Structure formats: C-alpha cells, structure tokens
Amino acid sequence: MRRFLLFLVCFCLLHLSSCYLHPALGQGPWKDDDSNDPLNNLLGVLALIPPSARGTLDLTFGSGGYISLDPSGASRDDFCDYLLQSGDGSFLTGGTYDSGSSPDFTLFRLTPTGTLDTSFGNSGLASVDLSGGPDLGLSASFDFLGNIYMVGEAGGLGVAYFDANGNPIYSFSGNSYFVDSIGEGGVRIFPNIDGSFVVAATQMIVESTDFMVVRYLSDGSLDTSFGSGGTGAADFSSEDYLNTAVRRDSGGYLLAGSTYAGPSGYIVAIAAFDSSGNLDASFSGDGLFTLDLGMDDKKKEKEQLIGGGGEEEG
C-alpha cells in the first residue's frame with residue numbers, strides 16, 4: 001500500500017508540475033479563479049472523465065470486459081508493465097515473459113475488441129532475450145514511424161526495437177537490441193523524430209544510485225552532445241530510485257521516484273532536466289524537488305517502497 005501511495009503521489013506531482021511549468025496545460029474547462037490551487041487542478045483533470053465511464057466494464061471487450069493471457073503456462077510467471085494504443089485502435093501490452101530458460105522482453109498485440117492479434121510477431125507475441133539471463137521489460141513506446149521501442153532491465157539498461165508487426169529491427173550494430181551497463185534499468189523511453197531516443201533510468205555509481213537520462217543515436221551509440229558525455233544525472237542522496245518519467249512540452253524531462261532521507265525514510269523525489277540533458281534550475285531552484293509525506297518509512301522497508309517483496313510490519 002505504501003508503495004502504491006508513493007507512486008500515486010509521484011504521478012500526480014509530475015503532471016501538476018507540468019501544468020505549472022506550461023500554463024497552457026492548465027487552460028481547460030476546470031480552470032477558474034483558483035486555478036493555481038493544485039487540488040483544484042487535480043480535481044479538474046479527474047472531472048474530464050465522463051461519469052458514465054467510471055468503473056463500468058465494457059462488456060464488448062475480451063470476455064465480459066477483460067482478457068487474460070498465460071503464454072508461459074501455469075508453472076511460470078508473466079508480468080504486464082505497460083499498455084499502448086495505436087492509431088487503428090489496437091493495443092500493445094506486455095512486459096516480461098518466462099520462456100522457460102529465462103524471463104524475456106515481451107510484446108502482445110490485441111485487437112480493439114480485446115482478442116489476441118495472431119498476425120503480430122509469432123502468433124501474437126514478440127519477444128527477445130537480451131542477456132541470456134532475466135530480462136524485465138518495463139516500458140514501451142511508438143516512434144514516429146510506428147515502430148516500437150522497449151526498455152527495461154537486462155543486467156543493465158536494455159533496449160529492444162521492433163517494427164509495427166512485431167518483427168525485430170536490426171539497427172543496433174546488426175542487432176535488434178543492446179544492453180548498456182551505464183544504468184540499472186530503464187523505466188521510460190522517449191523516441192525523437194530524428195531517430196535518436198532518450199531513456200530515463202536509475203544510474204548505479206559504485207554504491208550510490210541516481211536518477212538518469214541518457215540519449216542514444218539511432219544506431220544505439222551514446223549521443224555525447226547530450227548532458228555530460230551522453231547522460232544527465234540527478235543526485236538527491238546515496239539512494240535514489242526512479243519510478244516513472246514524462247516528457248515536458250519544452251522538450252525536457254521530469255523524473256519521479258524516491259530518495260532516502262535518513263530518519264525520514266524514503267521520500268518523494270522529482271528531478272527536471274532540460275532538452276539538452278542538464279538539470280533545469282528554473283524548476284525548484286536547482287532542478288530537484290523533494291516531498292516528505294510523513295510516512296515514517298524506515299530504511300529496512302526499502303523493498304516495500306521501490307521493489308516489492310517482504311511482509312509489511314504492523
């Protein structure tokens with residue numbers, strides 16, 4: 001529950017921060033004399049959801065409003081970590097598929113009515129083994145050609161590239177994927193129109209972890225003109241863990257997660273980068289923002305907050 005609350009707060013703060021930095025985002029039907037009140041802005045966003053659409057299953061989708069997939073069989077685990085909708089109304093979903101030898105990056109395509117599209121990849125599934133060990137697909141994104149990037153953890157920062165039909169694209173030195181030891185794992189990927197792409201990830205430096213953005217050229221090599229040698233980092237403390245990120249209208253990036261704050265435990269952390277990969281000092285004075293929700297989280301409860309596992313103390 002604490003992990004969920006932390007993620008929810010990060011998500012809300014990211015989007016509210018975007019509204020403050022770009023006032024045009026606040027020019028909606030909810031904007032009034034109290035438009036600078038974060039609560040009013042949040043309630044306004046929620047109000048855009050039609051009442052008839054809240055909590056009602058679409059019984060025409062899948063089987064009675066839902067679909068479940070078990071590609072690995074009952075004895076192995078599969079995880080869904082993202083959902084994308086394409087222009088034709090179909091959906092891409094996936095994450096991690098246990099092929100039997102090890103978990104791999106995986107994509108599925110569903111029709112608009114929630115059935116598996118068997119024309120995609122191999123009978124509806126596209127997967128790739130990046131490292132020979134456990135590979136955890138954490139996010140995906142369409143590029144400007146309709147192709148699909150996947151990003152996640154593969155013994156480092158892993159990226160894979162598929163065409164719109166789930167076939168591998170061999171654009172990374174003859175491979176359709178690469179693993180970069182520069183990061184522990186990517187949580188979001190942002191393709192650019194010139195073929196380059198930016199990954200938001202957690203960076204490991206000796207025994208310290210930081211938020212990181214890294215930009216790659218279309219061939220998977222580092223774009224050394226971005227940030228410092230291809231990367232930009234945000235260091236809140238010795239333990240910073242990234243959960244999510246968004247691209248700003250300005251072309252920069254907002255990254256949100258948690259940082260260890262001593263006796264306060266883990267607190268919310270948000271970093272703002274400009275489009276060149278540098279911390280944006282116009283955001284909170286130095287590009288770094290923290291918020292202590294007063295949850296009294298202890299260091300030993302790290303797994304509940306950033307990765308799951310373990311039993312929560314009463």
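Because the model is predicted, local features are reported at pLDDT of at least 70 and side-chain atom pairs at pLDDT 80 or more, whereas totals for chains, interfaces and linings use all residues. Residues are numbered from 1 along each chain as its sequence is written, and side-chain values use heavy atoms, with hydrogens and water left out.

The chain contains 3 helices and 16 strands, these elements being DSSP runs numbered from the N terminus (helices H or I with at least four residues, strands E with at least two). Of its 314 residues, 45% count as buried, where buried denotes under 20% relative accessible area, exposed over 50% and partly exposed the range in between, for a 1.4 Å probe and protein chains only. The chain exposes about 15200 Å², of which carbon and sulfur atoms supply 54%; the areas come from the Shrake-Rupley method with a 1.4 Å probe, and for residues only the protein chains shown count as cover. Among contacts with a separation of 6 or more, 46% are made by residues 24 or more positions apart, a contact being heavy atoms within 4.5 Å.

Strand β5 (residues 136–142) and strand β6 (residues 148–153) pair in the antiparallel sense over 6 bridges, pairing requiring that DSSP find at least two bridges between two strands. Phe-142 stands opposite Ile-148 in β6. The hairpin formed by β5 and β6 has 5 residues between the strands, and within this hairpin Gly-146 takes a positive phi near 90°.

Ser-196 lies in the loop between β9 (185–191) and β10 (197–205), and with a relative accessible area of 5% this residue is buried. The side chain of Ser-196 makes a polar contact of 2.6 Å with the side chain of Asp-194; such a contact is a pair of N or O atoms within 3.5 Å, of which, within protein, one must be able to donate a hydrogen and the other to accept it, residues adjacent in sequence counting only if both atoms are side-chain atoms. When neighbours within four places in sequence are left aside, Ser-196 is in contact with Phe-190, Pro-191, Arg-215, Tyr-216, Leu-217 and Ser-218.

A search of the whole structure finds 13 aromatic pairs, defined by rings of Phe, Tyr and Trp (its six-membered ring) whose centres lie within 6.5 Å, with planes under 30 degrees apart counted as stacked, over 60 as edge-to-face and the rest as tilted. Phe-61 and Phe-91 form an edge-to-face pair, at 6.0 Å centre to centre and 85° between the planes. This pair links distant parts of the chain, 30 residues apart, with Phe-61 in the loop between α2 (38–47) and β1 (78–85) and Phe-91 in strand β2 (residues 91–98). Phe-61 counts as buried at 19% relative accessibility, and Phe-91 is buried at 18%. Phe-211 and Phe-236 are likewise edge-to-face, at 5.2 Å centre to centre and 65° between the planes; this pair joins Phe-211 in strand β11 (residues 208–216) to Phe-236 in the loop between β12 (231–234) and β13 (240–247), 25 residues apart. Phe-211 is buried, with a relative accessible area of 0%. Ring pairs also link Tyr-149, Tyr-161, Phe-172, Phe-178, Phe-197 and Tyr-216 into a cluster.

Ser-123, although not a glycine, has a positive phi of about 60° and is placed in the loop between β3 (103–110) and β4 (125–128). Ser-284 has a positive phi near 60°; Ser-284 is found in the loop between β15 (266–273) and β16 (288–291) and counts as partly exposed at 46% relative accessibility.
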